[in-house]
Amino acid sequence: MTSLWTRVEPLLARVRKPARYIGCEDGAIEPRHGPGKVAWLLAYPDVYEVGLPNQGLQILYEILNERADAVAERTYAPWVDLEALMRERSIPLFSVDTHRAASDFDVIAFNLSAELVYTNVLNMIDLAGVPIHADRRRPDDPLVIVGGHAAFNPEPLADFIDVAVLGEGEEVVSEITEIVREWKASGRTEGSRDAVLRALSKVPGVYVPSMYEVEYERERTMSITPRYPDVPSLVVKRTVSDLAEWDYPRRPLAPLTEVVHDRLAVEVFRGCTRGCRFCQAGMITRPVRERPAEQVRTMITRGLERTGYNEVSLTSLSTADFSGVESVVSSIVPDPTACGAPTVSLPSLRVDAFTVGLAAQVASGRRSGLTFAPEAGTWRLRTVINKLITEADLYGAVESAYANGWSRMKLYFLTGLPTETDDDTRGIAELAAGCVAIGKKYTSRANVTVSLGGFVPKAHTPFQWFGQNGVDELRRKIGVVRSAASKGVHVKWHDPAASLAEGVASRGDRRVGRVIERVWREGGTFQEWSEFFRLDRWTNALAAEGLDVEWFTTRHRDENELLPWEHLSAGLHRDFLWQDWRAALDEHGLPDCRWTPCYDCGVCTGDGLEHVVASPIPPAGGSQGTGQDLSVGGRVPEAIPVRLGART
Amino acid sequence: MKIRLSYGKWGKVRFLGHLDMARLWERGLRKASAPVAMSAGFTPRPKMSFGLALPTGAESVIELFDVTLDETRIDAENGSIDLELLRSSLTDAMPLGVEVVDVDPIAPQKWSLQEDVTATTWVLAVDTSATGPSELDERVAGVVSSTEIWVDRERKGERRRDDVRPGILDLRIIERGIWPATSELSAWADSVSLLSTDIQFVEATLTTSGRGVRPTEMAEVLRPGVDPWITMPRVVRTHQWIGRDDAPRVSARAGKDITHDHSLEQRLERRSEHSVAGSSGGYD
């Protein structure tokens, strides 16, 4: 149980950014280990600068350390330079708080915010000195737990994890702690690992892959069956009903070295019912639960005082929808006792003039750039994906942005969406050109950057049945946008090859685990980093395992297919998702249910929950999809024939 | 009103780079509610100016930086500022290992901090377990008696070959017992001695003006071809010499004052004459 610091320290002057490994952050909690305490190692499977700001990890770090029977420390993936030195010297993965060996903890809990980090999960388990295969672990090995958005289809990791937690962790970490504490007190005897896992499998929201038998016939999943009668056949996600009871993090972590979101973050609400059909986050985090505006203000004031930051980001999936946004923003005034007035940043801007007005109100200093996400190039395709932004909304937002002094716009689009035609794809360039034309009225420097992402369908969304575009098709579409882009429009794009690998991991079943293991053994860590990503590692691994890449990625699924995550639920009715998928193909938009009657997606009714929205009326300017005459987007064109392999 | 802060940087925080430290000071000054003057313009910044960068991985008894305070804010509060209180609240606001030791008002400067400091003294903890202590003795004697030492090094992204000998103003092996003079250095030496039984301490005074010499380069001179951080697992800056007539004469802690060390003073003077004569300006 000794610290590895004296072995790690001599290596640090020899690696890049050694401050990644020293801990000492503002808000770090001095851990107090003890025999009766369950020791959690909260792990982020990417580099420190990406992982430190993660709010989920920070929240659990505090909640666990507040418990008398638990203690939590943190770890992040060591960068490749340090990893090589550690392996050379047999130094295991360590916590950044006290440099304690990972295998000294009772639980290693990974936050999975994306799928391409899976190889890093394996690498960190291995670096911890813990067997990567769950069935090889001994009673004295830590339990390996995953949570976070990607844990909603943990099947590709089924062989490597002991437990997956679906949904929000605030309450369930305590329930897990209690069971693990009992196990620890009982001495973790031979054979007890199975018993503790079985006990955990009965906790709502906790999924233990080894308690389920999955049968395949050729490529298809035939059945997913609990091994024991007391193991639930459907695991439903956890949801915290009232955010006001969870004003965490109370001691936000402010790092010593620069990280990706280097500012205070205050979460203003969870969930989103805009209903964008491609968006997994919006689907799996329902219902909407707002934090009281007064609590938001308190968290901002205290957080700024504690950390010394002078910038706060109000986080959510669509912050302009927060009913308290104007009152919160207007109450943040320069504090004369601190150097520099705090500034507010609003990520996830909705696309309309109201939102830009809000952004103008909070922006201080130089207005460098503003980002909007129309996601698709034509109104028709936006009704398919249910991103109900009209051209007038976008142009109004852009006009307002230029009028308020911004000169550079960034527009996010997805390509490879269901029913997308080349007209839709070219529409991206046309919209961008329209924005440049507006900008030219204000400044000769007006330019627009188009950022193209290849669409990867995700589990628990209406598009979970859709066959994604292959690498060549995505490349072709990127080419369509590039050649249609006029002067003043710059096109950037995400690597289509990475989208394919992400697709394999996103909708994979348990057999994909062997592919992930192969990619990792071939040295494929940090797959989210373009300098380390190579598609051939993935295609070779798939071929070696006799698995067909098209089966997992570009193939359309039909209504009757048993999906690999069918035993896991985000609370959404399967019927709702299927009907929404059909509505998408019929180009029917679906309004936001916060201010319109319920269409029974299943989340609220199934969980006895309600939306917690402070305002009974839609937010100012928030026309999009709410009581909106959907015909204002222009005439819906003739239905485009959709080639859907499974469509009968 | 301008103040000069001197602080020590010890332990884990030595792995923070210069830019990270600058950002941390900005946050630390806000946490301590220091009435810092802000620059004008689109993006107001606190008015701070930093001294010589401390290499990432090196520790220090004495780091310096200057802050301009906002008179109107001081007046608005109670007309004066308690510098001792500011010192202690800044230490509290900064991470463990950063200790503010002095906060002094200073006269408006003609020269920036970076230009004021012409040399710095370091204590290198050299691990001699691979070579034995006698080799280090010989090597130090060899460096002192040599007239030129050419090394390949990189400056501003360019490979170049330089004679570093003129930049090594003083070099000696120091004995525990005589050194160190202060309790903080003594504690440092104790913790360093835990790393290996064969730690020897080498004191080096290196020029910072012109073609300055870094402590890592000094370590490479002592053991060519070896990673300097293997030769020298720890290094601490003990003095920053301010050697110009119109600047404060000295900013030295650790029980040593430049005015009592005439040989070094003379060497510094020779050095500055040389650099003024030898190049235009002489400051990099």
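Predicted model: local features only at pLDDT ≥ 70, side-chain atom pairs only at ≥ 80, totals over all residues.

Residues are numbered from 1 along each chain as its sequence is written, while chains are lettered from A and ligands numbered from 1 in the order in which they are written.

Student: Why is chain A described as being as compact as a globular protein of that length?

Tutor: The globule rule (2.2 Å times the number of residues to the power 0.38) is compared with the radius of gyration, taken over C-alpha atoms. For 648 residues the rule gives 26 Å, and chain A is as compact as a globular protein of that length because its radius of gyration is close to that, at 24 Å.

Student: What distance separates the centres of domain 1 of chain A and domain 2 of chain A?

Tutor: The bounds, from an automatic or database domain assignment, are 5–236 for domain 1 and 243–633 for domain 2 of chain A. Taken over C-alpha atoms, the centres lie apart by 27 Å.

Student: How many residues of domain 2 of chain A are in contact with domain 1 of chain A?

Tutor: Contact requires C-beta atoms, placed from the backbone, within 7 Å. Domain 1 of chain A contributes 50 residues, and domain 2 of chain A contributes 54.

Student: What percentage of the residues in chain A is buried?

Tutor: A residue is buried if 20 or more other C-beta atoms lie within 10 Å of its own, exposed if 12 or fewer, and partly exposed in between, with C-beta atoms placed from the backbone. Of the 648 residues in chain A, the buried share is 54%.

Note on methods. Contact = placed C-beta atoms within 7 Å.
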